[in-house]
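The following paragraphs walk through a single protein chain. Please keep the sequence and the model in view while reading.

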Amino acid sequence: MRLHHQSARASRVGALVGASLVLLGAPHVAAGNEQGRQIAATCASCHDPAGGEQGIPTLVGLDEQAIVRALKAYRTSEAPSHVMHAVALSLTDEEFASVAHYIATSSGRTGSP
């Protein structure tokens, strides 16, 4: 029963995050770095941009290719995470590249991405 509760909670969280990212990926969003910044702002709600870890890994210090590889692994369920699977399914390959570039080039900044 507890596993079902956790799975249902993860599904709700995934749906919420996914819906947020779909809205961010709408046509009115500018391409390139602005798009990456907007998507990364959603990432920062769980992944501490200051580098602190509280059970969720930081993105600080990761290079673009590592981020894209991780997102693709979540999309195909090679990496286990219901929330990240939902997030990765909601993004296009172009959005993967955009957010990965933004995060990789912004990792030294303080505050939100």
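Does Arg75 count as buried, partly exposed or exposed, and at what relative accessibility? Arg75 counts as partly exposed, at 23% relative accessibility; buried means under 20% relative accessible area, exposed over 50%, and partly exposed in between, with a 1.4 Å probe and protein chains only. The model is a predicted one, in which local features need pLDDT of at least 70 and side-chain atom pairs count only at pLDDT 80 or more, while totals for chains, interfaces and linings use all residues. Residues are numbered from 1 along each chain as its sequence is written, and side-chain values use heavy atoms, with hydrogens and water left out.

The protein chain has 5 helices and 0 strands, where helices (H or I, at least four residues) and strands (E, at least two) are DSSP runs numbered from the N terminus. Read from the N terminus on, its elements run α-α-α-α-α. Of its 113 residues, 32% count as buried. Among contacts between residues at least 6 apart in sequence, 60% join residues at least 24 apart; a contact means heavy atoms within 4.5 Å.

Helix α5 covers residues 93-106. At 1.5 Å a residue, its 14 residues should span 20 Å, and the end C-alpha atoms are 20 Å apart, which agrees; the expected span is 1.5 Å times one less than the number of residues. The buried residues of α5 are Glu95, Phe96, Ser98, Val99, Ala100, Tyr102, Ile103 and Ser106. These buried residues pack against α2 (33-43), α3 (64-75) and α4 (82-90).

Gln35, in helix α2, is buried, with a relative accessible area of 6%. The C-alpha atoms of Gln35 and Glu95 are separated by 7.5 Å, although the two residues are 60 residues apart along the chain. Glu34 is also found in helix α2, and its C-alpha lies 8.5 Å from that of Tyr102, at a sequence separation of 68 residues.

Next come the charged pairs. A search of the whole structure finds 2 salt bridges, a salt bridge being a side-chain nitrogen of Lys or Arg within 4 Å of a carboxyl oxygen of Asp or Glu. In one of them, the side chains of Arg37 and Glu34 meet at 2.7 Å, N to O. Both residues lie in helix α2, 3 residues apart, about one turn of the helix. Arg37 is partly exposed, with a relative accessible area of 33%, and Glu34 is partly exposed at 29%.

Arg75 lies in helix α3 and Asp93 in helix α5, so the pair ties together parts that are 18 residues apart in sequence. Asp93 is partly exposed, with a relative accessible area of 44%.

Ser77 is found in the loop between α3 and α4. Most residues other than glycine have a negative phi. Phi of Ser77, however, is near 65 degrees, a positive value in a residue other than glycine. Ser77 is partly exposed, with a relative accessible area of 47%.

The last topic is empty space. Rolling a probe the size of a water molecule over the atoms shows where empty space is left. On a 1 Å grid over the protein atoms alone, probed at 1.4 Å, a pocket is an open set of points with protein on both sides within 12 Å along at least five of seven lines, and lining residues have an atom within 4 Å of a point. The largest pocket has a volume of about 510 Å³, a volume being the space filled by probe spheres set on the points, which are joined across faces, edges and corners. The largest pocket is lined by 26 residues, of which His47, Ile56, Leu59, Tyr74 and Met84 lie nearest its centre. The elements that give two or more residues to this lining are α1 (2-24), α2, α3, α4 and α5. Helix α3 gives the most, with 5 residues. By class, the lining has 20 nonpolar, 6 polar and no charged residues, where Ala, Val, Leu, Ile, Met, Phe, Trp, Tyr, Cys and Pro count as nonpolar, Asp, Glu, Lys and Arg as charged, and the others, Gly among them, as polar.
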